[in-house]
Amino acid sequence: MNHFTYRNGELCCEDVRIQEIAAQVGTPFYLYSSATLKRHFTAFESGFEGMAHQTCFAVKACSNLTILNTFAKLGGGADIVSGGELFRALKAGIDPKKVIYSGVGKTRKELREALAADILMFNVESPQELDRLNEVAAEMNSIARIAFRINPDVDPKTHAYISTGLAKNKFGIPVTEALQEYLRAKAMPNIEIVGVSCHIGSQLTQIEPFIEALRKVKGFIAKLEQAGIKIKYLDMGGGIGIPYDGEQPPHPIDYATAVRAELAGLDCTLILEPGRVLVGNAGVLVTEVQYTKANRGGDKEKHFIIVDAAMNDLARPSLYGAYHEILPVQEPAQDGAEQEADVVGPICETGDFLAKDRLMPSVRPGELLAVMSSGAYGFSMSSTYNSRPKVAEVLVSGERFQVIRQRENYDDLVRGEIISDLE
Ligand code: LLP
């Protein structure tokens, strides 16, 4: 459920006409619905009501300060993977005691910053990271709370690029070697073991892989107990999918019910790291048609709708072949003509497309299109490739809207660059 609907023939976000926002802000822009964000967060949370848990939003999915602040106000924490994400989370008002730090490549500087902020825990992903963290904590006279990220070797049945819990992926420590690392950590003066974590992948459309992973983690927690190590937190990562193209991912409530059943009797606080499921359908990318054209001469006539957004603004179609529904902001006539077309951007690469061979209503230059379900891994993965300034981000709440990130300008593009005086 989201708050992007046609009203009187025009696509609206909550009570605001998208056309109206475009007239004031220009295109392209990312547009988020505050009501959808809140609704998704509360729906996700409600499944775990009465159970000790903490939801830590995966900042990488959508890292705008307003979005993070929206979740902070609802009690959300953050799952971070860099010093930059820590900076954002703290600036947005997220309680450091609700921040967990995942990722395989944490630098000394990043570890220091997170220790100084006194975050809830580090999800350690290698023996060398454990040694480094113990050293850095010792230098700072502090204690680092840790979980190891266990790689459970479970197939999440998702796109290969976003599957993370298989033995061949770079993430975590094999469950078979983890006990030895926990024992090593137990003997370290500046480390406090508090948890076990795992995250098996993203855009999962089935519950079973989550449960299979949990079962392995539970078995491992029992082993730890036998070794005299008691765990406070079980972090099961994120990963629930959303419908992009008719997929039927588990409803968060069904996911929660299955997780609760699996964890019954376990005396741990559950940590969840949802990203996409909270923000994916709360955001769209609005773009304006620049030109339409047909290229003849090949084995079939190809039609192109050339828009002002591109792969640098939304990388998912080019990068993963991902499907995003595209809706005209002016509702097309029910019986209007449709044509197969590629929706493409201005970037000089054939891989620059937002949709391929898509049945589209006929559109003219100047019309607006909304690329749906772009709230997750949309703006946060955007770049300035082809020297295209980053687009604006806008939030709607009820009848009002606000720019929550200014569109970048040409000066922003060259900020920090220097014309060298070296010969
Ligand atoms: N926790 C960890 C440790 C993660 O690595 C991720 C995502 C999440 C939580 C959140 O997963 P989610 O609930 O959003 O599935 N750029 C890709 C997705 C990459 C996911 C990376 N890790 C895409 O556009 O599909």
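I take a polar contact to be a pair of N or O atoms within 3.5 Å; within protein, one must be able to donate a hydrogen and the other to accept it, and residues adjacent in sequence count only if both atoms are side-chain atoms. The model I opened is predicted, so I kept the rules that local features need pLDDT of at least 70, that side-chain atom pairs count only at pLDDT 80 or more, and that totals for chains, interfaces and linings use all residues. Residues are numbered from 1 along each chain as its sequence is written, and side-chain values use heavy atoms, with hydrogens and water left out.

For Asp 79, a side-chain N or O atom is 3.1 Å from a nitrogen atom of the ligand. For Arg 316, a polar side-chain atom lies 2.6 Å from a ligand oxygen.

**Ligand shell.** I noted 19 residues around the ligand, counting a residue if one of its heavy atoms lies within 4 Å. Ser 202, Glu 273, Arg 316, Tyr 320 and Tyr 377 are the closest. By class, I recorded six nonpolar, seven polar and six charged residues (Ala, Val, Leu, Ile, Met, Phe, Trp, Tyr, Cys and Pro are nonpolar, Asp, Glu, Lys and Arg charged, the others, Gly among them, polar).

**Domains.** Why does the ligand lie between domain 1 and domain 2? Both domain 1 (4–31 + 281–412) and domain 2 (34–276) give residues to its shell; the bounds come from an automatic or database domain assignment.

**Backbone.** I checked the peptide bond joining Thr 27 and Pro 28, and it is cis, with omega about -5 degrees. Asp 153 is not a glycine, yet I read a positive phi of about 55 degrees. Most residues other than glycine have a negative phi, and most peptide bonds are trans.
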